Amino acid sequence: MTATVPARPATREEIAVLARNAGLDLPADLFDELVAAYAGIEPMLMRLRRGRDRADEPAHVFDPRKFMPVED
Amino acid sequence: MHAPATAYATSTPAGSGDAALTDLGIVELGRMLRAGATSSLAITRACLDRIAAHDGTLASFITVTVDTALAQARRADAELAAGLDRGPFHGIPYALKDNVDTAGILSSSHSKIFADRIPPESAAVAQRLEQAGGVLIGKTATFEFAIGGPSWDLPWPPARNPWNRDYLPGGSSSGSGAAVGARFVPAAIGTDTGGSIRWPAAMCGITGLKPTYGRVSRRGVHPNTYSLDHCGPMTRSAADCAVMLSACAGHDPRDPGSIDEAVPDYAAALSGSVAGLRIGLVRHWYEEDATAEVVAAVDEAADVLRGLGAHVEIVTLDPLRDYVDAKTTISSVELFTVHERDLRTRPRDFSKRLRGRVLPGALIRGEDYVQAIRWRTELTSRMFAAFRRFDLFATAGWLAPADPADPDGVDFFQKRQLVTMPFSLTGLPALNLPCGFSAGGLPLSLQLAGRPFDEATVLRAGDAYQRATDWHLATPVLA
């Protein structure tokens with residue numbers, strides 16, 4: 001396993017940058033909500049397993065037949 | 001602590017005519033319909049009367065479709081009288097969670113965003129239940145868009161728990177759980193991304209099945225997390241779940257997540273026996289984090305299954321937290337993607353709870369999302385490997401009884417790990433069924449999960465357990 005990413009919890013200023021990059025232009029009270037909520041998610045991101053083999057596939061399969069138009 | 005269910009079974013008075021019909025499940029009602037002992041119209045009116053009398057304080061319904069229900073019930077009676085029998089769901093009243101589209105009927109997802117939304121087409125699951133002759137009684141409350149709840153800042157209040165209105169029914173299929181638990185309807189459809197069928201089933205003392213991913217079409221169901229969304233039955237018993245699943249399962253080429261796999265006769269699989277079944281008891285998911293009452297009740301349920309001839313053996317799988325972390329990371333990103341336009345332009349039209357659960361998804365990096373779905377592969381592969389030794393897994397259905405209905409209460413995500421999430425992430429069929437009561441009279445639940453598309457074995461074990469116990473027969477008193 002690789003080192004924890006991110007290495008430490010984000011600061012308010014860093015969360016503001018992430019929010020801006022995500023196109024979120026939140027008023028102050030909603031930004032406070034986001035900071036509080038992100039604190040609940042961030043530990044999960046820090047615990048994500050990393051360092052897999054390059055060829056390890058994610059749990060997804062794209063079957064192009066599934067997107068063919070279907071007659072009603 | 002675990003008093004016999006009969007101690008709570010003070011239901012509608014015996015011999016109270018149509019009111020007694022609401023005490024019955026799908027199988028019994030179907031038997032009466034075919035014997036000419038009642039009519040779909042009588043059952044439907046009994047349901048509507050009970051809703052009118054008691055739902056004012058339970059708030060399990062957003063819309064009660066009185067005219068539709070009466071018309072469909074009359075049609076079912078006429079068809080049955082004419083010898084046209086659409087199967088065991090014919091003439092049976094049911095409810096749909098309000099994130100399930102219904103043509104011409106409000107489909108709000110319990111959100112201000114969709115407060116006036118009347119879709120032109122019904123969801124596939126609604127179409128199948130209508131074709132099976134079901135009688136749509138109404139649309140039920142949910143957490144906002146099946147994630148933001150319980151919320152007190154929406155156009156409709158959160159549903160309450162029929163066992164004690166000071167408590168919540170779980171979620172996100174909160175109204176479906178409360179409506180079946182309150183005996184307003186014998187059956188309802190819920191949706192489940194991380195436990196949203198099974199949690200309210202556990203809190204409301206009913207039986208809820210999350211089928212295998214791809215088993216029931218999600219076309220026309222508002223998405224929560226594309227790669228994790230399921231919908232399925234919520235009923236009184238495993239036998240009733242079998243009937244409702246047969247009515248709504250099957251391949252849908254218009255749902256990219258649907259899988260073309262034959263649908264067996266689930267009711268025919270209910271042999272009443274678990275003799276020889278190998279059940280892995282995943283005790284480490286609940287033994288430390290659950291309440292003592294839950295631990296005792298689930299252990300006792302395992303003993304019942306053992307006594308019925310199953311080989312129950314403790315098994316260690318990956319830590320519960322790993323499944324929760326991977327699932328929540330995936331969901332957060334997909335949820336934000338679903339709601340990004342409205343969250344950017346009108347965030348105050350969502351509940352605070354929804355914003356808190358969905359907005360952080362905007363900040364998660366692409367690499368983290370892919371790492372989470374790679375982790376999903378690993379966790380799923382390891383769980384499936386354990387099926388070499390077992391036919392089923394058993395664990396707690398939820399780690400505590402229902403929470404108080406407190407607008408200022410701690411978010412449930414922060415209280416305990418969600419023991420339903422492993423089978424969400426792995427897409428396996430999982431059944432929650434009642435297995436006891438807390439000292440405060442709130443239901444407790446057992447969870448059984450099986451191999452992909454082996455709902456039949458899951459339901460068989462649940463049905464065998466319910467033939468040997470009476471927890472699922474308990475009925476709350478609605479004053």
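Two strands are taken to pair if DSSP finds at least two bridges between them, and the helices (H or I, at least four residues) and strands (E, at least two) named below are DSSP runs numbered from the N terminus. In the predicted model described here, Asn432(B) stands opposite Gln447(B) in strand S11 of chain B, and in strand S10 Asn432(B) is also the bridge partner of Gly208(B). This is a predicted model, in which local features need pLDDT of at least 70 and side-chain atom pairs count only at pLDDT 80 or more, whereas totals for chains, interfaces and linings use all residues. Residues are numbered from 1 along each chain as its sequence is written, and chains are lettered from A and ligands numbered from 1 in the order in which they are written.

The predictor gives the complex an ipTM of 0.95 and a pTM of 0.95. For chain B the mean pLDDT, which is the predictor's confidence in each residue on a scale from 0 to 100, is 95, and 96% of the residues of this chain reach 70 or more. Residues 1–17 of chain B, by contrast, have pLDDT under 50 throughout, and for this stretch the model has 29 contacts beyond four places in sequence, a contact being a pair of residues whose C-beta atoms, placed from the backbone, lie within 7 Å.

The secondary structure of chain B consists of 15 helices and 11 strands, and its C-alpha atoms fill a box of roughly 60 × 55 × 45 Å along the principal axes. Among contacts in chain B between residues at least 6 apart in sequence, 78% join residues at least 24 apart. Of the 479 residues in chain B, 61% are buried, where a residue is buried if 20 or more other C-beta atoms lie within 10 Å of its own, exposed if 12 or fewer, and partly exposed in between, with C-beta atoms placed from the backbone.

When neighbours within four places in sequence are left aside, the contacts of Val185(B) include Cys47(B), Tyr94(B), Ile137(B), Ala179(B) and Val180(B). Ala179(B) and Val180(B) are among the buried residues of helix H6, and because eight of the eight residues of this helix (174–181) are buried, H6(B) is largely enclosed by the rest of the structure. Just after H6(B), Arg183(B) takes a positive phi of about 65°.

Strand S10 (430–437) of chain B is likewise largely enclosed by the rest of the structure, because eight of its eight residues are buried. S10(B) runs antiparallel to strand S5 (207–210), to which three bridges join it, and pairs in the antiparallel sense with strand S11 (443–450) over seven bridges. S10(B) and S11(B) form a hairpin with five residues between them, and in the turn Gly441(B) has a positive phi of about 80°.

A contrasting site is Ala275(B), in the loop between helix H8 (238–248) and strand S7 (278–281), which is exposed because 11 other C-beta atoms lie within 10 Å. Residues up to four places away in sequence not being counted, Ala275(B) touches Leu308(B) and Gly309(B).

Chain A has two helices and zero strands. Its radius of gyration is 19 Å, well over the 11 Å that the globule rule gives for 72 residues, so chain A is more spread out than a compact globule. Buried residues make up 14% of the 72 residues in chain A. Helix H1 of chain A lies largely in the open, because one of its 10 residues is buried.

Between the chains, 29 residues of chain A are in contact with 30 residues of chain B. Helix H1 (12–21) and helix H2 (28–47) of chain A each supply at least two residues of the side that touches chain B, and the largest share, 10 residues, comes from H2(A). By class, this side of chain A has 18 nonpolar, three polar and eight charged residues, where Ala, Val, Leu, Ile, Met, Phe, Trp, Tyr, Cys and Pro count as nonpolar, Asp, Glu, Lys and Arg as charged, and the others, Gly among them, as polar.

Conventions
Two residues are in contact if their C-beta atoms, placed from the backbone, lie within 7 Å. The radius of gyration is taken over C-alpha atoms; the globule rule is 2.2 Å times the number of residues to the power 0.38.
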